[in-house]
Amino acid sequence: MKYILVTGGVISGIGKGIIASSVGTILKSCGLHVTAIKIDPYINIDAGTFSPYEHVVPHITDAIQEWVMKQAWIPVDDDGVEPQVCVIELGGTVGDIESMPFIEAFRQFQFKVKRENFCNIHVSLVPQPSTTGEQKTKPTQNSVRELRGLGLSPDLIMCRCAMPLETSVKEKISMFCHVEPTQVICVHDVSSIYKVPLLLEDQGVVNYFCKRLNLPVEMRPRKMLTKWKEMADRSDRLLEHVSIALVGKYTKLADSYTSVIKALEHSALAINHKLEVKYIDSADLETTTMQDEPVKYHEAWQKLCSSHGVLVPGGFGVRGTEGKMLAISWARKQNKPFLDANSTEFNPESKHPVVIDMPEHNPGQMGGTMRLGKRRTIFKSSNSVLRRLYGDVEYVEERHRHRFEVNPELKHHFEKNGLQFVGQDVEGERMEVIELEDHCYFVGVQYHPEFTSRPIKPSPPYFGLLLAAAGKLQSYMAKGCRLSPR
């Protein structure tokens, strides 16, 4: 197993995740089996229940090194073959107190797996102040010095910058950071993040990994990278627009819905449309907002009414729930494409609970009680729109993260009114997928399909939403669920 650790310096949110996934993409295009691990210093005994607006207290396990080695060997491709390369992204910034235990763990880890099987990519910022227009190397020098002082020495320094690095700047970083100029990689701003793998490829990153880690790669034209380049070029030539209203509780911070946004982008790109996401705080759609802040209320409804489709992502707690219901109701009545009632989650004493806690869930304890991970969903209807979008399969396996479910005792009431439960769990106890009859696209899923969406292979539920929003779903299905070659 070869391990590639991606660390970051100077500021957070610099693009470590994009670079880690770009490295995985170009290595996968070489025919290698690649897996990835994200380690976030913001870990708590129950970090999963915190709001995305909150930071949480760090908690470290005793055996992170063994855990990494165990996870790295788990097959992630459809063929079930064990990975050959594991790309590890360490969140946060070098020097942060939260990341110190992880840096120390990987300092020891590099000796455990041996140098020929481990290398470090350090992502750093090269700012260019508008006052002088000069690219500054000092932040990168300080960041690398800090990393070295903690026992890790970067093999590649990937410099995030607004404009391509000047040759003199590259040589300066090389000189003061103790690496060859070829080991200083420029990752400047590009029109689309899908061009980043091509940027790394052009600067010889694959060649470097082949020599440094002795990877079994044949240097030949690669079909996957050709498809990737075509997709990246196409992203610059999109003329038609499609707008999706994202109605959620954490819309003040776009990163809260990163996976959802990326899944929407993948699908929009697949149908050659430029995506516009309209963020709507679900609480702004409620009558209380109309009374307290009428301008905000009317702006929210204007955004919703002017969108081509509606997406309501998951969220816990009471706040904003009424607004979500109003948005869903509007999409249903107006025949607008839609993807996702009283409940014991909000009112434990409800006499008509539509949504109930699962039998294995302890209502008195929030932490560690969710239904998590990959679960199988069986399609119960051959006419299901979602089944056809998935390729007319009998079942799908998607990732779950929830602790409540639709009350199965009320199933017949929904179906009597046209809401069909077309997907259920293996035991037939849990309702996994719903579709509304006589609607252009009204789909709700219990799982998180955005987690398995890929740029070249969009998530089917999201793809269906974008097709419907662009008015192309019916023609797509009439063609046997195939896009035209163009």
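This presentation describes a predicted model of one protein chain, beginning with the whole chain and ending with individual residues.

Good morning, colleagues. The protein chain has 486 residues, and 49% of them count as buried. Its secondary structure comes to 16 helices and 17 strands. The accessible surface amounts to about 24,200 Å², and carbon and sulfur atoms account for 52% of that area.

I turn next to confidence. The mean pLDDT of the chain is 83, with 85% of the residues at 70 or more. Two stretches deserve mention here. For residues 56–62, the pLDDT is below 50, and the model gives this stretch 14 contacts beyond near neighbours in sequence. For residues 341–347, the pLDDT is likewise below 50, and there the model shows 20 contacts beyond near neighbours in sequence. Where pLDDT is low, the predicted coordinates should not be read in detail.

The largest nonpolar core contains 39 residues. Those with the most contacts inside this core are Ile4, Val23, Leu27, Ile121, Met158, Leu200 and Phe209. Helix α7, residues 205–213, supplies the largest share of the core, namely 6 residues.

To return to Leu27, which residues is Leu27 in contact with once its neighbours within four places in sequence are left aside? They are Ile4, Leu32, Val34, Val85, Phe209 and Leu215.

Val85 brings us to strand β3, which spans residues 85–90. All 6 of the 6 residues in β3 are buried. Both faces of the strand are covered: Val85, Val87 and Glu89 lie on one side, while Cys86, Ile88 and Leu90 lie on the other. I draw your attention to Glu89, which is buried along with the others in that list.

Which strands pair with β3? Strand β1, residues 2–8, runs parallel to β3 and is joined to it by 5 bridges. Within that pairing, Lys2 has Val85 as its bridge partner in β3. Strand β2, residues 34–39, also pairs with β3 in the parallel sense, over 6 bridges. In this case Lys38 has Glu89 as its bridge partner.

Is Leu90 buried or exposed? Its relative accessible area is 3%, under the 20% cut-off, and therefore Leu90 counts as buried. Not counting residues up to four places away in sequence, Leu90 touches Leu5, Val6, Thr7, Lys16, Ile39, Phe102 and Ile103. Of these, Ile103 is 13 residues from Leu90 along the chain, and their C-alpha atoms are separated by 8.6 Å.

Finally, I come to the backbone. Most residues other than glycine have a negative phi. Val10 is not a glycine, yet its phi is positive, at about 75°. Val10 sits in the loop between β1 and α1, the latter being residues 16–28. With a relative accessibility of 35%, Val10 counts as partly exposed.

Asn214 also has a positive phi, near 55°, and is a residue other than glycine. The loop between α7 and α8, where α8 is residues 223–234, is where Asn214 is found. Is Asn214 buried or exposed? Asn214 has a relative accessible area of 62%, and because this is over 50%, Asn214 is exposed.

That concludes the presentation; I thank you for your attention.

Note on methods:
Residues are numbered from 1 along each chain as its sequence is written. This is a predicted model: local features need pLDDT of at least 70, side-chain atom pairs count only at pLDDT 80 or more; totals for chains, interfaces and linings use all residues. Side-chain values use heavy atoms; hydrogens and water are left out. A nonpolar core is a set of buried Ala, Val, Leu, Ile, Met, Phe, Trp, Tyr and Cys residues joined through side-chain atoms within 4.5 Å. Buried means under 20% relative accessible area, exposed over 50%, partly exposed in between (1.4 Å probe, protein chains only). Helices (H or I, at least four residues) and strands (E, at least two) are DSSP runs, numbered from the N terminus. Contact means heavy atoms within 4.5 Å. pLDDT is the predictor's confidence in each residue, from 0 to 100. Two strands pair if DSSP finds at least two bridges between them. Accessible areas come from the Shrake-Rupley method with a 1.4 Å probe; for residues, only the protein chains shown count as cover.
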